[in-house]
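Good morning, and thank you for coming.

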Amino acid sequence: MKHIRTSFVLAGIGILALSGCKTDPSFDPKKGEIAFNIPQGWPKPVYNFEGNPLSEAGFRLGKKLFFDPRLSRDNSISCGSCHQQFSAFAHFDHDFSHGVENRLGTRNSPPIFNLNWHGGFFWDGGVNHIELQPVNPIQNPVEMDEKVENVVSKLRADDEYRTMFRNTFGDDSITSQRMLKAIAQFMGLLVSSNSRYDKYVRGEEGGSMNEAELRGLSVYRSKCASCHTEPLFSDFSYRNNGRKPSALNDSGRARITLVAEDMYKFKVPSLRNLKYTAPYMHDGALKSLEAVLDHYASGIHQSPTLDPLLINGIQLTAQERSDLLQFLNTLNDEQFINDIRFRETQ
Amino acid sequence: MTNETGKVSFTFENMAGSAPLVLSGPSDASKDKWYIIESGDSLKITQYKYYATNFVLHSDSGNYKQPESYYLIDESIPQSKQFTIDEVPKRKYTKISFLIGVDEERNTSGAQTGALDVNHGMFWDWNTGYIMARLEGVSPQSPVPSQTVSLHIAGFQGENSVLRLVTLDLPQPLDLTDGGLKNIHIKADVLEWFKTPNEIKISEIFVVASVGQDAVKIANNYSDMFKIDHID
């Protein structure tokens, strides 16, 4: 009983410390709980924590798990190793990430934000639910190479985790389901919706765009928006964008659906936070946005499943290209990558 | 429990033909039990488990569907093969039904627990879905050097669905109105996996690790492997 009281008080202090001076829509200290709010003008999310009631304790537990290397076989790699906050939770400057024993992955580590709007996870959409997403990297031999069962055993042996599970779920039973739900609380609250573009759209202070950026917005809307749809800047479909398959010959979505029409298709990534998430594409082969635009202008690899919209590439004048790059720069959410709530140190 | 309800327990016995299935161990070859399947191929079985879910008891005066009805029958775990359904309304039941596999809803609604925990070696982490039935073994007819046979039967959607509804008539009505625990004994013949309507040659199907035709063929085979042996 004494134990519970102590941790409750600590949690209370945490709310004050974390809320700071700025108000944040997804974190309401008055209610004493974490809140998930749909940003103005955004569609209904796929996941809204059904059966996984949000709480400060759950969020903190999920965050601790996210940054805990004990999720890997040799206790060396955490989720945060390849999903760094300053990189919008992608892996900065890595085409592929290295797992335990420096084993190399085969696809670029995607950023983590606005996951509650995703219907499928990973580049191929193989996982159908945010709560089940972590099982894949935990058990993938080239990532964490651990069994969920072993992770659960490690957590059960740890007093601090038992306390945190009790604070979250009411008793200290530790199961894979509870662990996964807690991680989903942390990941689901990683909402990036405060870029300059967002403030512009909402008519908020700090939301000014200059003429070049506004011209870039028009270029984006006429040349990019059919796949990178506002406001998430992805339609979350699977498309072949003309990357020439490497020696890995990654079949993409077809690996999941086993149908030929899905060969070399990958989930359309968001255009948000590109400043922080280089390199680009599922193959991580393009180091700069200039290189990305070069790819769309003249690098399209023709193949039977190439997206019809890309058969002639995307041709931009020098002016359009410059404007577009300036517009894309307004999609970077500095508030998100500096948000103290998501920072590794507690 | 009130006086209005009774209990029904189920006992699953895995068979190979007319004899109880014997699993072969990974090490002691002298204890291996070899089976001849329909095609004439030899097979020893080292691991065997499947989901039986969504149990329904049928009567003329109404059906009883067990809520949260998920069981993983694992041949290596005796306790997994016997379970009791409580709070069954006292009626005269004439049929039972259950699903082989985990329904679509639980394949698409996030992290589960109990029999559906991802820890049972019955869950695909890279392509979400439960393995509905799993058989591991060894056969000299397997074309790989390890002679592996590894059949992971999965798929919950569309033409790839391996979900199969089993409906079994009870040999005599199960009358809960007279009180007392009733026990339904079910026998399941593993050799049916390889028999009808699709005779399986191990040289052709020795590994199933994705959804698709091979999984569906085997599911169609094992969908009729269950028989009610007796009720006591």
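This is a predicted model: local features need pLDDT of at least 70, side-chain atom pairs count only at pLDDT 80 or more; totals for chains, interfaces and linings use all residues.

With which residue does D250(A) form a salt bridge? The partner is R107(A), and the closest N and O atoms of the pair are 2.6 Å apart. By salt bridge I mean a side-chain nitrogen of Lys or Arg within 4 Å of a carboxyl oxygen of Asp or Glu. The pair links distant parts of the chain, 143 residues apart: D250(A) belongs to the loop between strand 3 (238-239) and helix 10 of chain A, and R107(A) to the loop between helix 3 (79-82) and helix 4. Helices (H or I, at least four residues) and strands (E, at least two) are DSSP runs numbered from the N terminus. Over all chains, the count comes to 35 salt bridges.

Residues are numbered from 1 along each chain as its sequence is written, chains are lettered from A and ligands numbered from 1 in the order in which they are written, and side-chain values use heavy atoms, with hydrogens and water left out.

I turn to the interface. Here 20 residues of chain A are in contact (heavy atoms within 4.5 Å) with 18 residues of chain B. The area buried between the two chains (accessible area, 1.4 Å probe, lost on being put together and summed over both) is about 1,600 Å², of which carbon and sulfur atoms give 51%. N128(A), L132(A) and Q177(A) supply 30% of the area that chain A buries against chain B, more than any other three residues. How many salt bridges are counted between chain A and chain B? The count is zero. On the side of chain A that touches chain B, helix 7 of chain A gives the largest share, four residues.

Finally, the backbone. Most residues other than glycine have a negative phi, and most peptide bonds are trans. D93(A), however, is not a glycine and has a positive phi of about 60 degrees; D93(A) is found in the loop between helix 3 and helix 4 of chain A. The peptide bond from A278(A) to P279(A) is cis, with omega near 0 degrees, and P279(A) sits in the loop between strand 4 (266-267) and helix 11 (289-298) of chain A. In chain B, a cis peptide bond joins T196(B) and P197(B).
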